Amino acid sequence: MKISELFNKNRCVFSFEVFPPKKDTPAEGIYSTLDSLKKLSPDFISVTYGAGGTNGDNVTGDIASYINNNLGIVSAAHLTCVSNTKEDIDIILGDLKNKGVENILALRGDINPERPPKHDFTYASDLISYIRQRGDFHISAACYPESHLDSPDIVTDIRHLKEKQDAGAEHMISQLFFDNELFYSFLEKARIAGITVPIEAGIMPVTNKKSIERMVSLCGASLPAKFTRIMAKYENNPEALRDAGIAYAIDQIVDLAASGVDGIHLYTMNNPYIAEKISEAVSGIL
């Protein structure tokens with residue numbers, strides 16, 4: 001099933017993100033996690049590209065195939081272009097097609113100092129256009145409520161976002177954010193700019209102070225006072241921080257759903273417990 005079909009049911013789509021295991025981590029763990037996530041009945045599950053822009057033998061495709069073919073849940077494979085040539089992309093696309101994966105989240109990807117970037121693609125819109133010409137894939141794209149770190153301002157960033165839609169993106173997933181008002185402001189600007197495809201709000205529960213600070217440094221998300229108070233109060237109590245982070249994410253989702261957003265994309269961090277607690281809390285409102 002194509003992700004675009006999920007947005008024709010006049011309700012808020014609820015999806016998850018998982019990431020592949022590191023090279024030195026047994027692969028069984030991710031499949032156990034997925035088996036647990038299946039019970040929560042997400043509309044689809046996306047699988048990130050390998051850390052640092054590497055993907056081995058397309059482990060992302062293997063996991064996406066398992067989700068789709070073994071669990072019966074729609075899957076989406078992340079695909080980055082900064083470290084791939086056109087020939088690399090052709091091989092990956094062929095592999096995804098053979099595995100029955102119909103949905104791709106097309107990204108530029110982070111620059112890895114240890115791997116010089118290739119030069120076949122400059123922007124995610126270039127990759128989107130390339131994929132569009134090479135198969136019947138549904139293509140999703142990323143968007144940034146507070147603009148991409150490399151963008152000079154939000155207006156420029158939204159203009160680039162419109163280019164992704166024009167290139168063939170049919171759906172967008174936002175970077176994490178902790179202030180819903182920033183997302184609403186971004187959404188209004190995007191719609192004014194002519195971006196009409198469904199836009200899902202990306203939500204990441206806070207469970208670890210150091211990890212969330214690292215993520216914020218990578219994506220530039222701002223931290224509201226309410227959020228920083230939670231981290232300051234519970235940073236030395238891991239269980240309390242986890243529970244407070246879950247509660248904060250639930251509050252965000254309730255507000256977003258009440259405001260009629262197209263969907264919620266939950267960054268599960270491969271933690272079924274967190275996904276379960278949030279899913280149970282919001283199941284009646286989505």
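**Notebook: loops, strands and helix faces**

I started at N270, which sits in the loop between β8 and α11. Helices here are DSSP runs of H or I with at least four residues, strands are E runs of at least two, and both are numbered from the N terminus. The model is predicted: local features need pLDDT of at least 70, side-chain atom pairs count only at pLDDT 80 or more, and totals for chains, interfaces and linings use all residues. Residues are numbered from 1 along each chain as its sequence is written, and side-chain values use heavy atoms, leaving out hydrogens and water.

**Entry 1. Positive phi**

I checked the backbone at N270. Its phi is positive, about 60°, although N270 is not a glycine. Most residues other than glycine have a negative phi. Is N270 buried or exposed? N270 is buried, with a relative accessible area of 17%. Buried means under 20% relative accessible area, exposed over 50%, and partly exposed in between (1.4 Å probe, protein chains only).

I then looked up S41, in the loop between α2 and β2 (44-47). S41 is not a glycine either, yet its phi is positive at about 55°. S41 is exposed, with a relative accessible area of 57%.

**Entry 2. P42**

P42 counts as buried at 7% relative accessibility. What does P42 touch, leaving aside neighbours within four places in sequence? I list F14, F16, L37 and I73. Contact means heavy atoms within 4.5 Å. I also took one C-alpha to C-alpha distance: P42 and V206 are 20 Å apart in space and 164 residues apart in sequence.

**Entry 3. Helix α11**

I moved on to α11, residues 272-282. N271 caps the N-terminal end of α11, with a side-chain oxygen 3.1 Å from the backbone nitrogen of Y273. Which residues of α11 are buried? They are I274, A275, I278, S279 and V282. Seen down the axis of α11, these buried residues fall within an arc of 125°, so they line one face of the helix. The arc is that of the directions from the helix axis to the C-beta atoms. An α-helix has 3.6 residues a turn, so residues three or four places apart point the same way. I noted the partners too: the buried residues of α11 pack against β1 (13-18), α2 (28-38), α10 and β8 (263-267).

**Entry 4. Helix α9**

I ran the check on α9, residues 225-234, where F227, I230 and M231 are buried. Down the axis of α9 the buried residues fall within an arc of 95°, so they line one face. R229 and K233 are exposed on the face of α9 turned away from its buried side. The cover over the buried residues of α9 includes α8 (209-219) and α10.

**Entry 5. α7 on α10**

I looked up how α7 (residues 180-192) packs on α10 (residues 238-258): the angle is about 35°, with the axes 10 Å apart. Axes are lines fitted to C-alpha atoms, for helices over the stretch in contact, and angles run from 0 to 180 degrees between N-to-C directions. From α7, the contact is made by N180, F183 and Y184; from α10, by Q252, D255 and L256. I sorted the contact by class and got three nonpolar, two polar and one charged residues. Ala, Val, Leu, Ile, Met, Phe, Trp, Tyr, Cys and Pro count as nonpolar, Asp, Glu, Lys and Arg as charged, and the others, Gly among them, as polar.

I followed Q252, which lies in α10. Q252 counts as buried at 4% relative accessibility. Not counting residues up to four places away in sequence, Q252 touches F177, F178, D179, N180 and I203.

I finished in the strands. E200 has its place in β7, residues 199-203. E200 counts as buried at 0% relative accessibility. Not counting residues up to four places away in sequence, E200 touches residues including F7, V13, S15, F44, H171, F183 and H265. Which side chain does E200 join in a polar contact of 2.8 Å? The partner is S15. A polar contact is a pair of N or O atoms within 3.5 Å; within protein, one must be able to donate a hydrogen and the other to accept it, and residues adjacent in sequence count only if both atoms are side-chain atoms.

A76 is in strand β3, residues 74-80. A76 counts as buried at 3% relative accessibility. Leaving aside neighbours within four places in sequence, A76 is in contact with I3, I45, S46, V47 and N103. The C-alpha atoms of A76 and D62 are separated by 11 Å, and the two residues are 14 residues apart along the chain.
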